[in-house]
Amino acid sequence: IYKKKWASSQPRVPSTRLALHSMDMSYSLQLGELWPSTRLALLCQQKYAALLNGFGDVSKTIREMEGRRARDFVYEGRGDRPASDPSCPARPPVISGDMAPEMEHPIAVSPNLKCFTFPRGDITRFKPARPDSLRLLEYYLMDAASLLPVLILDVQPGHTVLDLCAAPGGKSLALLQTECCRHLTVNDISSSRLSRLRKILHSYVPKNIYTEDRLRITSFDGRYWGEVERNTFDRVLVDVPCTTDRHSVLEEDNNIFSRLRLRERQRLPLLQTQLLVSGILATKPGGSIVYSTCSLSQLQNEYVVERAVQVAKTEHNVELRLVDLTAVQTLYSDTFNFYGRCRVGELVLPHLTANFGPMYFCKLHRVH
Ligand code: SAM
């Protein structure tokens, strides 16, 4: 009884403070001289982008955006140029051995994806989106870096796609905006978060687009997906739960650095690996997987990818090739501040002049 009383009279340390302390310890080692500027950006106002709703009246919205000097960063970084284009040189792979990345042509982005941002250093904010004449919202406000995993997934017409951890649905909405998915399965373990996703789809996508044969919404534990539906999808997005670094240093609500959630936080890398392995197994041989987090942590990023590739090979005899993404870095360097030193994958570092991210992403190609 005495102990309890003592414990409750202890001043409560805010979870945001615990988060910052933990990040100071690990990221000052991991990022070195880049941590102070990244830390500052994380604590300052995040920058948003407006993903245009292609199902609505886009020409009017584009005119308005251009009038306000916002620009479509997807268009500016389009990779339709041949890979040999000297203005877009391919950089040498950064790692060697088993995990040496496969060079890939710059991504061929669907012309339907349009996402406007204000230029570097400009912190103007977008107004909340309004409904257009079709009663659909004209744009969806999101962290522009969240679009990168969707862009590199490189969905082509006729593809079947699985979004394994989809809620609240920003990336699912972008996948639908490409208008390339023959079929999209959207899954999340949380039914309450899935209801947010349904609301978003309702506000942005006409009903005739999400007929049951084209869009399936499910609520399963994604760790077991690969056991149920193996070798099925052309593209799989595994956007896992993580320490959501920006949220964790700013918001007390639902903070994973709360002392009560220590075990859950410690188990994240294991959960992330299980989800990625499951996503790999759900992919067809010849298909691709994108893994992403909104954390800077190596333990949740590179280590998870390396471990999942190993598990896929030793336990499931599945061979994967890492896809080189340096072209993406080159194409979008006007908009984002890339770290450029990850062993595998790419990381967008928040910076005051381009305050997007953090966003880590890595692409794997399933060989067999
Ligand atoms: N992709 C989403 C977007 O762009 O809006 C964000 C996904 S969020 C980073 C991670 C999601 O994973 C959460 O919605 C969470 O409910 C879900 N999740 C956690 N554990 C899961 C599991 N075992 N299987 C499937 N989803 C899970």
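Where is Ser295 found? Ser295 sits in the loop between strand E9 (283-293) and helix H13 (302-316), where helices (H or I, at least four residues) and strands (E, at least two) are DSSP runs numbered from the N terminus. Before going further, note that this is a predicted model, in which local features need pLDDT of at least 70 and side-chain atom pairs count only at pLDDT 80 or more, while totals for chains, interfaces and linings use all residues. Residues are numbered from 1 along each chain as its sequence is written, and side-chain values use heavy atoms, with hydrogens and water left out.

Let us stay with Ser295 for a moment. Its relative accessible area is 0%, so Ser295 is buried; that word means under 20% relative accessible area, with exposed over 50% and partly exposed in between (1.4 Å probe, protein chains only). Leaving aside neighbours within four places in sequence, the residues in contact with Ser295 include Tyr27, Cys242, Asp245, Leu347 and Tyr360, a contact being heavy atoms within 4.5 Å. The side chains of Ser295 and Thr243 are joined by a polar contact of 3.2 Å. A polar contact is a pair of N or O atoms within 3.5 Å; within protein, one must be able to donate a hydrogen and the other to accept it, and residues adjacent in sequence count only if both atoms are side-chain atoms.

Tyr27 leads us on to helix H2. Tyr27 is one of the buried residues of H2, among them also Leu20, Met23 and Leu31. Helix H3 (35-43) and helix H10 (245-250) are included in what covers the buried residues of H2.

Now turn to the ligand. It is surrounded by 20 residues, the closest being Asp188, Arg193, Asp221, Gly222 and Asp239; a residue counts if one of its heavy atoms lies within 4 Å. Polar backbone atoms also face the ligand: one of Gly170 is 3.0 Å from a ligand oxygen atom, and one of Gly222 is 2.7 Å from a ligand nitrogen atom. Of the 600 Å² of accessible area that the ligand has on its own, the protein covers 88%; such areas come from the Shrake-Rupley method with a 1.4 Å probe, and for residues only the protein chains shown count as cover.

Finally, step back to the whole protein chain. The chain has 14 helices and 12 strands, and buried residues make up 52% of its 368 residues.
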